[in-house]
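Let's take a friendly walk through a protein model, one feature at a time. Have the sequence and the 3D view ready, and look up each residue as it comes along.

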Amino acid sequence: LWGFAELADEIHEQEAIVFDEPILHFAHGLAREGFDRFFVLISRIGYLWGVVPFDIALVLVLTLLRRYREATFAAIALGGSALLNIAAKAVFARERPSLWDSIAPEHNFSFPSGHAMGSMTLAWVLVLLAWRTRWRWPMVALVLSFVVLVGLSRVYLGVHYPSDILAGWAAASVWAVAVYLLVYWGGLR
């Protein structure tokens, strides 16, 4: 929460974040045709082609299995994260980076990254659901790799500042864990 608040304060005050542009320039310097295809694919899987359909399928499967508490947690965490992201983008209204023409341009606001927030929320949901099982550490390794790749893809494509990614990860982490605590220990059934 502190990390998100610090980044949000800088964005609200329209101050440049010292590491944003150097990291973007470094990422752009890595541009290659093979990387272009790879990171466009990761970016698409990181939201519309992968995360969103998986979110919906996860909630449906948990409901069909009559795992109602797990389905409630997943639905509130995943759906709420998407709504929080839309609201935050409207509040902060940060323009996207324009250091070069992206091969995968975006046309809404930048802060916080919806891809970062959506992938991190899904990661937390899966890890928290698997935590009391033997799949805990394999799940952590899998989702951590995925979340990092999605974040890198957004910076590589030049459609997000690194601070947008960090803010998305921070907001998703706070939200998903708070929902988990509410559903499992707060008495929400």
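Start with arginine 66, which counts as exposed because its relative accessibility is 64%; buried means under 20% relative accessible area, exposed over 50%, and partly exposed in between, with a 1.4 Å probe and protein chains only. This is a predicted model, where local features need pLDDT of at least 70, side-chain atom pairs count only at pLDDT 80 or more, and totals for chains, interfaces and linings use all residues. Residues are numbered from 1 along each chain as its sequence is written, and side-chain values use heavy atoms, leaving out hydrogens and water.

Arginine 66 sits in the loop between helix H4 (51-64) and H5. Helices (H or I, at least four residues) and strands (E, at least two) are DSSP runs, numbered from the N terminus. Although arginine 66 is not a glycine, its phi is positive, about 60°. Alanine 93 is also a residue other than glycine with a positive phi, near 45°. You will find alanine 93 in the loop between H5 and H6, and with a relative accessible area of 33% it is partly exposed.

The loop between H5 and helix H6 (114-130) also holds proline 112. The peptide bond leading from phenylalanine 111 to proline 112 is cis, with omega near -10°.

Now for the rings. How many aromatic pairs does the structure hold? There are 10 aromatic pairs. Rings of Phe, Tyr and Trp (its six-membered ring) pair if their centres lie within 6.5 Å; planes under 30 degrees apart count as stacked, over 60 as edge-to-face and the rest as tilted. Phenylalanine 35 and tyrosine 156 are edge-to-face because their planes stand at 85°, with the ring centres 6.3 Å apart. This pair links distant parts of the chain, 121 residues apart: phenylalanine 35 is in helix H3 (residues 33-45) and tyrosine 156 in helix H7 (residues 136-156). Phenylalanine 35 is partly exposed at 40% relative accessible area, whereas tyrosine 156 is buried at 7%.

Another edge-to-face pair joins phenylalanine 73 and tyrosine 184, with 6.1 Å centre to centre and 75° between the planes. Phenylalanine 73, in helix H5 (residues 68-92), and tyrosine 184, in helix H8 (residues 162-185), are 111 residues apart. Phenylalanine 73 is buried, with a relative accessible area of 0%.

Ring pairs also link Phe35, Phe38, Phe39 and Tyr156 into a cluster.
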